[in-house]
2 protein chains.
Amino acid sequence: MKVLIVEDDPLHRSYLHEAVRAALPECDSVIEAENGTVGERIAREYKSAHIVMDLQMSPRNGIEAARTIWKERPETRILFWSNYSDEAYVRGVSRIVPDGAAYGYVLKSASDDRLKLALRSIFIEAQCVIDREVRGMQQKSLGQTNGFTDSEYEILVDIALGLTDRAIARRRNLSLRSVQNRLQHLYEKLGVHHPSMPEHEEGRFNLRSRAVTVAFLRKLLNYSALERAEAELGEWLRTR
Amino acid sequence: MKVLIVEDDPLHRSYLHEAVRAALPECDSVIEAENGTVGERIAREYKSAHIVMDLQMSPRNGIEAARTIWKERPETRILFWSNYSDEAYVRGVSRIVPDGAAYGYVLKSASDDRLKLALRSIFIEAQCVIDREVRGMQQKSLGQTNGFTDSEYEILVDIALGLTDRAIARRRNLSLRSVQNRLQHLYEKLGVHHPSMPEHEEGRFNLRSRAVTVAFLRKLLNYSALERAEAELGEWLRTR
DNA sequence: CAAAAATCTGCGGGATCCCGCAAGACGGAA
DNA sequence: TTCCGTCTTGCGGGATCCCGCAGATTTTTG
């Protein structure tokens, strides 16, 4: 068995290396990559079917790398090993995992044993292992309560990119009013309804910008999500 | 000599611990803290005058912690040890360093030797040590060319928070028109002047939101900066 | 299948935003 | 002092945004 480690931090990389060696004695070769770009290339060349990957890397973060890797070989087993359980990451990952694929999401704060157990479960047993904290995020994300619909999330990303209502309407094939409708719902769910000063002209917010900020502070958005969205927007603009 | 280490990642923490031991044989006690809140408390209790600190922590990031520590004892020597040289971080740090204080900013990607050298320079020689990459960011940040004035940065933060023009005017004691004036300058410097489609109604941007996004992508803003700004806004709102 | 809920859409209006024009205020350089 | 650049402020107008109202369409539910 071969294992590919994709992680930009040298300390974490060597820690992972040791963990893999210890947890998987049947593994005869461990390869390392220090970012998403290199990781993709090596995965392709060595046909690695077992990958441990960080999410926050540059250039090319874990989600982008995983997407192209899974597109080429969907049976690849990937364990995401990240510092954070931001909703943006969780959403990003579950959007790209192929049907029936075995994958995992373990936080770096997890114990040694948990990491090793996850490695064996995913790579040997082909079982999914999702950190309970991440699982909680997933359910909150998908469930109705306090959760955001895909369409709401979509429009959140669109205004975060700085598109006008009209541009969003064109991009999503909607009427202008529908876009504004979704925006209203978004504002409501984010709770950005001029909350502090009800009737005064005081401290009023620009709802559009405020929504983006609140989403950021709640980790519904993060840098990596913005980066991806910006790239997608660029592609779309190119095709007009 | 006592050294306090404030760093949330256990691996990095123990690495730092070893580096301090190796670089500073005259150091007889090393204390560790895993976030800014704890770091502040320990710094106060133990009157630590020598601190190595990460920037990105939660709760309470390095900049916030450093600010209160320096406010209490400005002669404290702090070495910031961070993954990133985001302009937001660099700006945040140089905004709070007291006059004449010895401090440092070293990237985690720096070599072992560089870190140890920085430790000795700052803690023994009371000399400032700024990573050359960070230094470059500083100059770009302060210089005219491609750099942002304090007032421009200020208004950038304000719209990022989601304030309306009127609210900004009140907060900064300006007329409405002046606020809009500064915004124009900001848009120009960020290059968000409906660049792609000059006259078409196509792909137009909402300048206000777009400016925030571009600033984010350029790392002029980041999560930590937003967090701080949000806290400051909260304070200001409380005092009306 | 029918009722209910959610979503999409047009219309219209008040608030806000973006910005050109132009007049004053302030400070440094000739 | 005078001149010039930068910053500030007022006025005004066109574009955009936010949203209530109401009808049409789609989806869900019983």
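## Chain A at a glance

Accessible areas here come from the Shrake-Rupley method with a 1.4 Å probe, and for residues only the protein chains shown count as cover. On that basis, chain A exposes about 11200 Å², with carbon and sulfur atoms supplying 47% of it. This is a predicted model, so local features need pLDDT of at least 70 and side-chain atom pairs count only at pLDDT 80 or more, while totals for chains, interfaces and linings use all residues. Residues are numbered from 1 along each chain as its sequence is written, chains are lettered from A and ligands numbered from 1 in the order in which they are written, and side-chain values use heavy atoms, leaving out hydrogens and water.

Chain A has 11 helices and six strands; helices (H or I, at least four residues) and strands (E, at least two) are DSSP runs numbered from the N terminus. Along the principal axes, the C-alpha atoms of chain A fill a box of roughly 65 × 40 × 30 Å. Of its 240 residues, 52% count as buried, where buried means under 20% relative accessible area, exposed over 50%, and partly exposed in between (1.4 Å probe, protein chains only).

## Two domains and their contacts

An automatic or database domain assignment sets the domain bounds, and it divides chain A into domain 1 (2–142) and domain 2 (150–238). The C-alpha centres of these two domains of chain A lie 30 Å apart. Their contact takes 11 residues from domain 1 of chain A and 11 residues from domain 2 of chain A; contact means heavy atoms within 4.5 Å.

Now for contacts within the chain as a whole. Among those in chain A that link residues at least 6 apart in sequence, 70% join residues at least 24 apart.

## Around DNA strand D

A residue is near a strand if one of its heavy atoms lies within 4 Å of it. DNA strand D is surrounded by 18 residues, and the closest are Arg166(A), Arg177(A), Gln180(A), Ser178(B) and Arg182(B). Of the atoms of DNA strand D that come within 4 Å of the protein, sugar and phosphate account for 59%. The surface near DNA strand D draws at least two residues from each of α8 (165–172), α9 (176–190) and α10 (207–217) of chain A and α9 (176–190) of chain B. The largest share, five residues, comes from α9(A).

Polar contacts are pairs of N or O atoms within 3.5 Å; within protein, one must be able to donate a hydrogen and the other to accept it, and residues adjacent in sequence count only if both atoms are side-chain atoms. A phosphate oxygen of DNA strand D lies 2.9 Å from a polar side-chain atom of Arg166(A). For Ser175(B), a polar backbone atom is 2.9 Å from a phosphate oxygen of DNA strand D. The side chain of Asn181(B) has an N or O atom 3.4 Å from a base oxygen of DNA strand D.

## Around DNA strand C

Of the 20 residues around DNA strand C, Ser175(A), Ser178(A), Arg182(A), Arg166(B) and Arg177(B) come nearest. Sugar or phosphate provides 61% of the atoms of DNA strand C within 4 Å of the protein, and bases the rest.

Phosphate oxygens of DNA strand C lie 2.8 Å from a backbone N or O atom of Ser175(A) and 2.6 Å from a side-chain N or O atom of Arg182(A). From chain B, a backbone N or O atom of Arg208(B) is 3.3 Å from a phosphate oxygen of DNA strand C.
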